[in-house]
Amino acid sequence: MSSFVLPAFVAVLVGCGIAVLAFVPFVAISYRRRGGLTFWRTLIWLAAAIYAMALWTYTLLPVPPADEVTCAAVQLVPFQFVSDILSFDTGSVRALMTNPAVLQAALNVILFVPLGWFVRQLAGRGIVVATITGLAASALIEVTQITGIWGIYSCAYRVFDVDDLMMNTFGAFLGSLASLLLLRRQEGLQAPDAPRPLTLTRRLTGILCDLLIWGLFGWTVALAVGVIAAVLGDGTITEPGQIVTFIGFALPFAAQLFSVLSRGVTLGERLVLIAAVQVRGPVAVGRVLRFLFGIGGYMLLSQWTFPLSGLLLFFLVVVSAVMVFTTRRHRGLACVVSGTEIDDVRATAATAP
């Protein structure tokens, strides 16, 4: 795999993994700070995760074998790139466009333009914060290089260049400045506390958050216990035992049970600001039914094996999926069975006595 393709592949693969791991908190923050989540903002967030990894992969990869490292020089003279540019032909526009020093400086600026843009778009911060973030990120990369990835290598295998630090920071400044153009087009968005309709996308986002809370929590517990055991033991990561597996299942199960029994909604529905109103039957019975025909049923059937349990789980998933698309306000099977209506939390708060 070439030196260009490998960093890109690693950046996309790891960046998407980070995006998945951070999706639940991203949804929670977006709904509370901005009132909702759009496809455009989600796409920006995914791009930011991939870009963050690309910064590291393109500045650190490919990593050479330890016995083949050639110690790189250190360049501490500010604006040395100007002398480098003048050392080549500068007599025409074509010559400047093919000047290696010009291309190096331009690439260093361009590499950090997205960082400044993401800082404003996702964090809502201005030029000063974006510029400082660019400086900090560039400094971290340069120090990582000069220390041989923090002591893994005996010396730096890539050049530490103070001009890179300056150009990277300038790129983040330009990115934040350019981002102002898009923000002006977004000034007409609804206020965060304004009620929003319960769209299919919103319901599916809540369901996806529930599944990620369930799956990623168990995976995180197993990984953490495995790493700790490896550090304390012989360095080998083993398969998680029954106790670890049970904890990884029981904690999110208990959290979902408490959420549904106390508020009538799952953790994922809370994240997307959905409220439940019991309109038929006793509240306690309705919430138990909602849990069993919803996230609780999926979790129990995935762990509890008995004759036809797999078929029952498949039937529950299919019926629930169809009813999310076809029922009023996309309530789904659990809401219909339990006699529950759902609404925007902000709408119910506005009508509460």
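A cavity is a set of grid points where a 1.4 Å probe fits but cannot get out, and its lining residues have an atom within 4 Å of such a point. The views below are taken from a predicted model.

**View 1. The largest cavity and its lining residues**. Arg263, Gly264, Ala276, Val277, Gln278, Arg287 and Thr340 line the largest cavity, which holds about 40 Å³ of space. Strand E3 (residues 274-278) supplies the largest share of this lining, with three residues; by class, the lining comprises two nonpolar, three polar and two charged residues. Across the whole structure, the search finds one cavity of 30 Å³ or more.

**View 2. The second largest pocket, with residues from several helices in its lining**. This pocket contains about 420 Å³ of space, and among its 23 lining residues, Ile207, Gly294, Tyr298, Ser320 and Val324 lie nearest the centre. At least two lining residues come from each of H10, helix H13 (283-292), helix H14 (295-303), helix H15 (309-326) and helix H16 (333-338), with H10 giving the most, namely six residues. The lining divides into 14 nonpolar, four polar and five charged residues.

**View 3. A nonpolar patch on the surface**. Leu21, Trp219, Leu223, Val227, Ile228, Val231 and Leu232 make up this patch and together present about 720 Å² of accessible area. Helix H10 (residues 200-232) contributes the largest share, six residues, and Trp219 lies in that helix. Trp219 counts as partly exposed because its relative accessibility is 47%, and the partly exposed class runs between under 20% for buried and over 50% for exposed.

Key
Residues are numbered from 1 along each chain as its sequence is written. This is a predicted model: local features need pLDDT of at least 70, side-chain atom pairs count only at pLDDT 80 or more; totals for chains, interfaces and linings use all residues. Side-chain values use heavy atoms; hydrogens and water are left out. Patches are made of residues with over 30% relative accessible area and no salt bridge: like charges are joined within 9 Å, nonpolar side chains (Val, Leu, Ile, Met, Phe, Trp, Tyr) within 5 Å. Accessible areas come from the Shrake-Rupley method with a 1.4 Å probe; for residues, only the protein chains shown count as cover. A salt bridge is a side-chain nitrogen of Lys or Arg within 4 Å of a carboxyl oxygen of Asp or Glu. Helices (H or I, at least four residues) and strands (E, at least two) are DSSP runs, numbered from the N terminus. Buried means under 20% relative accessible area, exposed over 50%, partly exposed in between (1.4 Å probe, protein chains only). On a 1 Å grid over the protein atoms alone, a cavity is a set of points where a 1.4 Å probe fits but cannot get out, and a pocket is an open set with protein on both sides within 12 Å along at least five of seven lines; lining residues have an atom within 4 Å of a point. Grid points are joined across faces, edges and corners, and a volume is the space filled by probe spheres set on the points. Ala, Val, Leu, Ile, Met, Phe, Trp, Tyr, Cys and Pro count as nonpolar, Asp, Glu, Lys and Arg as charged, and the others, Gly among them, as polar.
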